[in-house]
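This report describes selected side-chain interactions, grouped by type. The sequence and the structure are shown first.

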Amino acid sequence: MTDLGAEWTYPASPISTLRTARLNSRSGIFSGQITPDRFRRWGASIGPQTEGLITAILASRPHPEQSFRTCLGILRPYRDISRERAETVSARAVEIGGLTCKTIASLVYTQKRAGQSTERAAVMEHANLRGPGYFH
């Protein structure tokens, strides 16, 4: 067996080269076009609570770059809801410490459900309702 020395390295496979190129071209995340300040501006464009949420997420990781995917995942569902609702969700997320995509998605879903039915449904009157006197 011969020693190839430190100069020799394994050639890159075409698949890994294509994968790296695809990752680098996706939305500019890996090429340095997206910065923490850009996420803060996106959050501030929605409102102060959302900016606070993005700042908390960026501060929760050892390196801000580790939270870029989380910030993108959080800002995505905010496109489908109103600014007021997004601010409510952001305030609640910071309050409970829910700084993950899953928590935010759950809060958005529960806020949508709460907004759909604000009034209590009336009880229907029909022959099958026994009432409180039946059980005594």
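## A buried serine

Ser90 counts as buried, because its relative accessibility is 0%, below the 20% limit for that class. This value, like the others in this report, is computed from a predicted model. The place of Ser90 is in helix α5.

Which side chain makes a polar contact with the side chain of Ser90? The partner is the side chain of Tyr78, at 2.8 Å. With residues up to four places away in sequence left out, Ser90 touches Gln49, Thr50, Leu53 and Tyr78.

## The aromatic cluster

The structure holds 2 aromatic pairs. Phe39 and Trp42 form an edge-to-face pair, with 5.3 Å from centre to centre and 85° between the planes. Both residues of this pair, Phe39 and Trp42, belong to helix α2, where they are 3 residues apart, or about one turn of the helix. Are these two rings buried or exposed? Phe39 counts as buried, at 0% relative accessibility, whereas Trp42 is partly exposed, with a relative accessible area of 30%.

Phe39 also pairs with Phe68: the ring centres are 5.0 Å apart and the planes stand at 50°, so this pair is tilted. Phe39 lies in helix α2 and Phe68 in helix α4 (residues 68-75), so the pair ties together parts that are 29 residues apart in sequence. Phe68 is buried, because its relative accessible area is 5%, under the 20% cut-off. Through these ring pairs, Phe39, Trp42 and Phe68 are linked into a cluster.

## Salt bridges within helices

Side chains of opposite charge can pair when their charged atoms come close. How many salt bridges does the structure hold? There are 3 salt bridges.

One of them joins the side chains of Arg40 and Asp37, at 3.0 Å from N to O. Arg40 and Asp37 both lie in helix α2 (residues 36-46), 3 residues apart, which is about one turn of the helix. Arg40 counts as partly exposed, at 27% relative accessibility, and Asp37 also counts as partly exposed, at 46%.

In another salt bridge, the side chains of Glu95 and Arg92 meet at 2.9 Å, N to O. Glu95 and Arg92 are 3 residues apart in helix α5 (residues 83-96), so about one helical turn separates them. Glu95 is exposed, with a relative accessible area of 59%, because the exposed class begins over 50%. Arg92, in contrast, counts as partly exposed, at 36% relative accessibility. Helix α5 is also the place of Ser90, which counts as buried.

## The salt bridge of Asp80 and Arg76

The side chains of Asp80 and Arg76 meet in a salt bridge as well, at 3.4 Å from N to O. How accessible is Arg76? Its relative accessibility is 41%, so Arg76 counts as partly exposed.

Technical notes. Residues are numbered from 1 along each chain as its sequence is written. This is a predicted model: local features need pLDDT of at least 70, side-chain atom pairs count only at pLDDT 80 or more; totals for chains, interfaces and linings use all residues. Side-chain values use heavy atoms; hydrogens and water are left out. A salt bridge is a side-chain nitrogen of Lys or Arg within 4 Å of a carboxyl oxygen of Asp or Glu. Helices (H or I, at least four residues) and strands (E, at least two) are DSSP runs, numbered from the N terminus. Buried means under 20% relative accessible area, exposed over 50%, partly exposed in between (1.4 Å probe, protein chains only). Rings of Phe, Tyr and Trp (its six-membered ring) pair if their centres lie within 6.5 Å; planes under 30 degrees apart count as stacked, over 60 as edge-to-face and the rest as tilted. A polar contact is a pair of N or O atoms within 3.5 Å; within protein, one must be able to donate a hydrogen and the other to accept it, and residues adjacent in sequence count only if both atoms are side-chain atoms. Contact means heavy atoms within 4.5 Å.
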